[in-house]
Amino acid sequence: MHIPDAFIPIWQGAIYWVIALIFVALALRWARNEMSEEKIPLIAVLAAGIFALQSFNLPVSFGTSGHLVGGALAAIILGSPLAAVFILTLVLIVQGVLFGDGGITTMGANIINMGVIGGFVGFYTFKGLMAATKNVNIAGFTAAWLACVLPALACAVEMYFAGTFPLVEGLVAMGVYHALIGFIEGFVTIVAIRLIVTARPDIVDFSIEAGKPEEVPT
């Protein structure tokens with residue numbers, strides 16, 4: 001999922017960077033407005049946890065690898081897809097600059113895939129399913145699964161436009177592997193949501209017991 005530098009032409013990487021920077025700017029504005037003293041430790045824990053989860057890579061065809069993403073978890077807990085963009089950007093910068101996991105010229109594409117697509121898909125899937133089912137397990141699992149699979153498919157499409165590997169084979173390889181990895185991400189997300197909500201119910205806007213929205217104390 002972490003696209004290396006050589007996998008995308010520089011000019012395509014620049015386009016992805018421009019798109020990513022728009023969302024990063026929105027995420028920074030979210031952080032300025034929403035990052036309170038009580039949320040800073042949670043953001044740090046989520047960033048560290050997502051960093052650790054992404055460290056476990058499974059090899060996929062065409063020299064790529066698959067792993068958990070964490071975008072849905074960040075967006076759900078912090079109540080905004082921009083929170084996922086903010087946290088995933090920090091994680092990807094550390095991984096790319098300090099550990100060489102993912103390229104610098106391709107970091108824009110990686111931010112779009114894992115932060116933007118993962119965050120927005122995870123957040124709005126969770127909101128929609130919570131409204132429909134009132135069930136945190138169903139909503140959280142499905143949101144996390146989709147937020148793992150769809151970024152992987154987006155990555156395969158980007159690799160096709162880059163001329164790195166064929167479209168159908170890329171979609172099959174990335175899609176099948178991440179469909180399986182998505183089951184792990186779904187269960188991990190549910191467990192994490194329940195642990196965090198049980199410990200700090202005041203920082204989320206849903207209840208795991210009743211499955212109904214509740215007021216957050218101000």
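Is L53 buried, partly exposed or exposed? At 26% relative accessibility, L53 counts as partly exposed; buried means under 20% relative accessible area, exposed means over 50%, and partly exposed lies in between (1.4 Å probe, protein chains only).

The model is predicted: local features need pLDDT of at least 70 and side-chain atom pairs count only at pLDDT 80 or more, whereas totals for chains, interfaces and linings use all residues. Residues are numbered from 1 along each chain as its sequence is written, and side-chain values use heavy atoms, with hydrogens and water left out.

**Figure 1. Overall arrangement of the protein.** The protein has seven helices and two strands, where helices (H or I, at least four residues) and strands (E, at least two) are DSSP runs numbered from the N terminus. Along the sequence the pattern reads α-α-β-β-α-α-α-α-α. Of the 218 residues in the protein, 50% are buried. The protein exposes about 9900 Å², of which carbon and sulfur atoms supply 72%; accessible areas come from the Shrake-Rupley method with a 1.4 Å probe, and for residues only the protein chains shown count as cover. Among contacts (heavy atoms within 4.5 Å) between residues at least 6 apart in sequence, 73% join residues at least 24 apart.

**Figure 2. Helix α2 and its buried side.** The 15 residues of α2 should span 21 Å at 1.5 Å a residue, and the end C-alpha atoms are 21 Å apart, which agrees; the expected span is 1.5 Å times one less than the number of residues. The buried residues in α2 are L42, I43, L46, A47, I50 and Q54. They cover an arc of only 135° around the axis, which puts them on the same side of α2; the arc is that of the directions from the helix axis to the C-beta atoms. An α-helix has 3.6 residues a turn, so residues three or four places apart point the same way. The buried residues of α2 pack against α1, α3, α4, α5 and α7.

**Figure 3. L53 and its partners.** L53 also belongs to helix α2. Not counting residues up to four places away in sequence, L53 touches L68 and V188. The C-alpha atoms of L53 and H67 are separated by 7.6 Å, although the two residues are 14 apart along the chain.

**Figure 4. The enclosed helix α3.** Helix α3 comprises residues 71–78, and eight of the eight are buried, so α3 is largely enclosed by the rest of the structure. The buried residues are G71, A72, L73, A74, A75, I76, I77 and L78. Their cover includes α1 (10–34), α2 (40–54), α4 (81–98), α5 (107–133), α6 (136–161) and α7. Just after α3, G79 takes a positive phi of about 75°.

Figure 5. M107 lies in helix α5 and is buried, with a relative accessible area of 4%. Leaving aside neighbours within four places in sequence, M107 is in contact with W17, L92, I93 and G96. The C-alpha atoms of M107 and L92, 15 residues apart along the chain, are separated by 7.3 Å. N113 is likewise in helix α5, and N113 is buried with a relative accessible area of 0%. With residues up to four places away in sequence not counted, N113 touches I3, G118, P151, A154, C155 and E158. N113 and C155 are 42 residues apart in sequence and 6.7 Å apart in space, C-alpha to C-alpha. In the loop between α5 and α6 sits K134, whose phi is near 55°, a positive value in a residue other than glycine. K134 is partly exposed, with a relative accessible area of 40%.

Figure 6. V168, V172, V176, Y177, L180, F183 and F187 make a nonpolar surface patch of about 690 Å². Patches are made of residues with over 30% relative accessible area and no salt bridge, with like charges joined within 9 Å and nonpolar side chains (Val, Leu, Ile, Met, Phe, Trp, Tyr) within 5 Å; a salt bridge is a side-chain nitrogen of Lys or Arg within 4 Å of a carboxyl oxygen of Asp or Glu. V168 is found in helix α7 (residues 167–199) and is exposed, with a relative accessible area of 55%. I184 also has its place in helix α7 and is partly exposed, at a relative accessible area of 45%. I184 and W145 are 39 residues apart in sequence and 8.3 Å apart in space, C-alpha to C-alpha.
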